[in-house]
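Biologist: I would like to go through the labels on this model one by one. For each, give me the value and the cut-off behind it.

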Amino acid sequence: MAMWLAKSRIITNFLKTKICTPNNSYKTLAGDCSRKPRGLWDNSSAAVLDFRRPESARAGGQVEAVAYSDDDDNDANQAMEFPGGRVTFTHQMKFISESPEKRVPCYRVLDDDGYPIPGSSFEQVDKETAVKMYRSMVTLQIMDTIFYEAQRQGRISFYLTSMGEEAINIATAAALTSDDVVLPQYREPGILLWRGFTLEQFTAQLFGTKDAASGRGVAYSLKMDNKEACAVAFMGDGCTSEGDFHAGMNFAAVLEAPVIFICRNNGWAISTPISEQFRSDGVVVKGQAYGIRSIRVDGNDTLAVYSAIRTAREMAIREQKPILVEALTYRVGHHSTSDDSTKYRSSNEIEHWRTARNPTTRFRKWVQTNGWWRDEDETELRESIRKQVLNAIQVADKTEKPSLEELFTEVYDRVPANLREQEKSLRETVKRHQQDFPTDVPV
Amino acid sequence: MWGIMRQRAACKAYHALNLEQGIRAIALRAFSSSAKQMTVRDALNSALDEEMSADPKVFIMGEEVGEYQGAYKISKGLLDKYGPERVVDTPITEAGFAGIGVGAAYYGLRPVIEFMTFNFSMQAIDHIINSAAKSNYMSAGQISVPIVFRGPNGAAAGVGAQHSQCYAAWYGAIPGLKVLAPYSSEDARGLLKAAIRDPDPVVFLENELLYGESFPISDEVLDSSFSLPIGKAKIEREGKDVTITAFSKMVGYALQAADILAKEGINAEVINLRTIRPLDRSTINSSVRKTNRLVTVEEGFPQHGVGAEICATVVEDSFEYLDAPVERIAGADVPMPYAANLERMAVPQVEDIVRAAKRACYRSR
């Protein structure tokens, strides 16, 4: 790990002398994310993001590993056929290093002050989209703050904030179309927001009112093949340790499924830092292990995320194959309302990411520089959202909870006889012993 | 004229009826329940074939289901007939293909996921329970999961502890799942068709040792629209002295036990549960109210088993009707032994059922 940092610092310093920009390279929690090496990125198309072998996905034909020296050219013609394809062989016994000499670089477009980095290429975002994205990011922030407080006050039972990950949430949603099927984890309410889930609906869900059941905006439609759409699965860094991750990635590659795997690498899985989660160079390197094209992107750079997902989506649909996107970010909030992260990480670290590395502020700067947003708009927006959320909470507080009947419906497509019996029996019991049951369950 | 009738019979030949039978059937002008026999394997295969033919959304996925024709040949011929898009061979990742199946079901397809045995379903149990069974409820009815998980369940012969467990009790406990356990070929055909057509997730517990067994089968059962209702038990043998409940292979043992008991003057009623969840409590209770005695039979482990649930339901609903304590016959409370002689001791045998019935009738200690 120390060697990595040392090496990447050397590279960074080297690059600094070559690329004249005012900013220093930034550090992520896990180590240096070096700047884009010059030359690879100018006028780049998505193709340069392809770290795969250019020809075929099958092994054989080309010497691949970085560690091998030029001596091996002599052996280049000597190859053998094995199940799985042709492999050239070498007389030198060399192990592939467990850590690369250089970490996979991280795609970013805006610097820390929200200015586009010279020479960077990204999808243009028009004013309407940019403003909508920014407004959504702010809404998400305010929603998070208020609902977190509401839980602390005992008004709702549980909440997870997405603080620090607003760019991932909103930029991804904006880059997809409404035809794409999203399978979120739990830190992606921004996707729902973008797709029309209202603050009132969020509130109803959290307060468990009878309106929570309606869930508009989360429609899984029936699609057949040849639809211009892909599936998008979200996960955190911790999730990549699950066996399911392996199965999902492997199958997606083998079955050539048009799915985008988005890993929000935010540095923490509850109290487990990524140094204790895996020893690989993050998650992006795992893609190639499954034969999946992958990219590492700055998750706090709204435009970079937007561009990367747009391109990933095109690739997934056009080529009918899975893509892995690792979005590096930081979990500013606690894991959930059941967690106090100051117990296992420093408040300074949290504060640094909450302020200096805030994705929303960074994007705001870009939007404002373009003349699309003013300070007055900011105050007005924040006030209005705050009012809306507080109002929604007031309404939800007074709204009826689901009726007793809803305990038994939707277990199966149609309520079976045994559940109807149970419901009848429960009603009789409630009637006979009203004092034992809460008053807020309509019978 | 006979020549023409023979030709017609040949054209109408159905499941390789021999010529004589064909002529007789046509001459009788009625679909009589003749001595047609069908193995459970063929019953399952034909059910899969017919349902796949009727609905293009139905597809099969699992290990060895395609090229190998099915680990137990249940999906024989289906790859050739429907192609690799509908008969999908998978790598050895139950969690993977069960998950894919559930995802496909969310999307509106109707997967039939095969586990080589239900022991391997434990690799995928999170998907069966959390992703499939609970989704309709958790989404307020918006995400229906019309999936079938099928495969052999319970003990085979000499396959050892990790390959012999019965999962009826585990899956039978889960709200949101339907759990079926066919015995005969009629059960296999009717219940599998019902399972595939059902909008909810179904766990379909077959039995490896029953695959090769033949059962008489009527023309009604052979019709492609045939299906059996889920949640309805079948009274295989009517009786008045003691009720014996069983499912899957144990139904055969219970019937044999009933024959032995009949010779000793005990008239046993044998109930083939057919469905584990939802359990047909009304048929069971009606029977016990008639006979006043109950013996439950299962191959699985005794604690928290299917028999425990049946006993509880009868005690709750028909306590006054019981003339004797409920007798539970189950597999031994040990991991299945590998040694053949010990394996035989660990699984219920016909004699165990006979003795239990006699105890329930106070005819022995």
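Modeller: Start with burial. Buried means under 20% relative accessible area, exposed means over 50%, and partly exposed lies in between (1.4 Å probe, protein chains only). By that rule, B:Glu50 and B:Lys193 are both buried. This is a predicted model: local features need pLDDT of at least 70, side-chain atom pairs count only at pLDDT 80 or more, and totals for chains, interfaces and linings use all residues. Residues are numbered from 1 along each chain as its sequence is written, chains are lettered from A and ligands numbered from 1 in the order in which they are written, and side-chain values use heavy atoms, with hydrogens and water left out.

Biologist: What makes B:Glu50 and B:Lys193 a salt bridge?

Modeller: A salt bridge needs a side-chain nitrogen of Lys or Arg within 4 Å of a carboxyl oxygen of Asp or Glu. The closest N and O atoms of B:Glu50 and B:Lys193 are 2.7 Å apart, so the pair qualifies. B:Glu50 lies in helix α3 (residues 40-54) of chain B and B:Lys193 in helix α9 (residues 185-197), so the bridge ties together parts 143 residues apart in sequence. Helices here are DSSP runs (H or I, at least four residues), strands are runs of E (at least two), and both are numbered from the N terminus.

Biologist: Why is the pair A:Arg310 and A:Glu123 called a salt bridge?

Modeller: Their N to O distance is 3.8 Å. The cut-off is 4 Å, so the label holds. A:Arg310 sits in helix α8 (residues 302-319) of chain A, and A:Glu123 in the loop between β4 (85-88) and α2 (127-152), 187 residues apart.

Biologist: Are A:Arg310 and A:Glu123 buried or partly exposed?

Modeller: A:Arg310 has a relative accessible area of 31%, so it is partly exposed. A:Glu123 has 25% and is partly exposed.

Biologist: What about A:Glu165 and A:Arg264?

Modeller: They form a salt bridge, with the closest N and O atoms 2.8 Å apart. A:Glu165 is in the loop between α2 and α3 (166-175) of chain A, and A:Arg264 is in strand β7 (residues 259-265), 99 residues apart. Both are buried.

Biologist: Which residues of helix α6 (residues 125-133) of chain B are buried?

Modeller: They are B:His127, B:Ile128, B:Ile129, B:Ser131, B:Ala132 and B:Ala133. The partners they pack against include α6 (243-254) of chain A, and α5 (94-107) and β7 (202-206) of chain B.

Key: Contact = heavy atoms within 4.5 Å.
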